[in-house]
Amino acid sequence: MTDTIYVLNGPNLNLLGLREPEIYGSDTLDDIAGMLEDRAHDLGVEVDVRQSNHEGHLVDWLHEAQAEGAKAVLLNAGAYTHTSIALLDAIRSIRTPVIEVHLSDPMTREEFRHVSYVGMAAVDEVKGLGAQSYVIALEKAAKL
Ligand code: DQA
């Protein structure tokens, strides 16, 4: 196993900072990547932060995390969280532990966000803390 933690981000998260800042905050994904790199340095791990608007890329990267011996995956699958049986199956297909991450708390929002296919297979979740959700998830992943 390596010390690398994959941080996978799904659709529309490339627009963080611009997108509904009253829900998701004003930090961009690059800002969050910077925070994670700093914290990772302190924790003695590496982060590999990626984003795609395409479901299949996220599936491929989950498989890659396993093949490359990643320590863990932090996954904010965006709206695919609530729809993607393919992501559920991918998480179940790998031994690499996956932690579900959300900036907002989907359980306090519209009912269609209350189902999480990612959550059915993830080992843990951190949500509702804005950019800090990622940092806390990284701290949890470093301890796995
Ligand atoms: C999100 C919550 C999802 O419901 C939404 O579709 C997103 C962002 C979050 O980080 O709060 O795109 O995953």
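Biologist: Let's start with Arg95: buried or exposed?

Modeller: Arg95 is exposed, because its relative accessible area is 72% and the cut-off for exposed is over 50%. Keep in mind that this is a predicted model.

Biologist: Where does Arg95 lie?

Modeller: Arg95 is in the loop between α4 and β4. Its C-alpha is 27 Å from that of Leu129, and the two residues are 34 apart along the chain.

Biologist: OK, switching to the ligand. Which residues surround it?

Modeller: The ligand has Arg19, Tyr24, Asn76, Gly78, Ala79, His82, His102, Leu103, Ser104 and Arg113 around it.

Biologist: What distance separates the side chain of Asn76 from an oxygen atom of the ligand?

Modeller: A polar atom in the Asn76 side chain sits 2.7 Å from a ligand oxygen. For His102, an N or O atom of the side chain is 2.8 Å from an oxygen atom of the ligand. With Arg113, the distance from a side-chain N or O atom to a ligand oxygen is 2.9 Å.

Biologist: Gly78 was in that list. Where is its place in the chain?

Modeller: Gly78 belongs to the loop between β3 (72–76) and α4 (85–93).

Biologist: And is Gly78 buried or exposed?

Modeller: Buried, because its relative accessible area is 15% and the cut-off is under 20%. Not counting residues up to four places away in sequence, Gly78 touches Pro11 and Leu13.

Biologist: What kinds of residues make up the lining of the largest cavity?

Modeller: The lining divides into 6 nonpolar, 6 polar and 3 charged residues.

Biologist: Arg109 came up there. Where does it lie?

Modeller: Arg109 is in the loop between β4 and β5.

Biologist: Buried or exposed, that Arg109?

Modeller: Arg109 counts as buried, because its relative accessible area is 19% and the limit is under 20%.

Biologist: Which side chains make a polar contact with the side chain of Arg109?

Modeller: One is the side chain of Tyr24, at 2.9 Å. Another is the side chain of Ser104, at 3.0 Å. As for contacts in general, leaving aside neighbours within four places in sequence, Arg109 is in contact with Ile23, Tyr24, Ser104 and His114.

Biologist: What about Ala122, where is that found?

Modeller: Ala122 is in the loop between β4 (98–102) and β5 (124–127). At 18% relative accessibility, Ala122 counts as buried.

Biologist: And which residues is Ala122 in contact with, leaving aside neighbours within four places in sequence?

Modeller: Those are Ile91, Val98 and Glu100. The C-alpha of Ala122 is 19 Å from that of Ser52, and these two are 70 residues apart along the chain.

Biologist: What does Ala131 touch, not counting residues up to four places away in sequence?

Modeller: Ala131 touches Asp27, Ile32, Met35 and Leu103. Ala131 and Tyr24 are 8.2 Å apart in space, C-alpha to C-alpha, and 107 residues apart in sequence.

Biologist: Last topic, backbone angles. What is the phi of Asn12?

Modeller: Phi of Asn12 is near 75°, a positive value in a residue other than glycine. Asn12 has its place in the loop between β1 (4–9) and α1 (21–24). At 36% relative accessibility, Asn12 counts as partly exposed.

Biologist: And what about the phi of Glu20?

Modeller: Glu20 is not a glycine, yet its phi is positive, about 35°. Glu20 is placed in the loop between β1 and α1, and at 38% relative accessibility Glu20 counts as partly exposed.

Biologist: Thanks, that covers my list.

Definitions and conventions:
Residues numbered from 1 in each chain as written. Predicted model: local features only at pLDDT ≥ 70, side-chain atom pairs only at ≥ 80, totals over all residues. Heavy atoms only, no water. Nonpolar A, V, L, I, M, F, W, Y, C, P; charged D, E, K, R; others polar. Helix = DSSP H or I, 4+ residues; strand = E, 2+ residues; numbered from the N terminus. Buried < 20%, exposed > 50% of the residue type's maximum accessible area, 1.4 Å probe, protein only. Contact = heavy atoms within 4.5 Å. Near = heavy atom within 4 Å. Polar contact = N/O pair within 3.5 Å; in protein donor to acceptor, adjacent residues only side chain to side chain.
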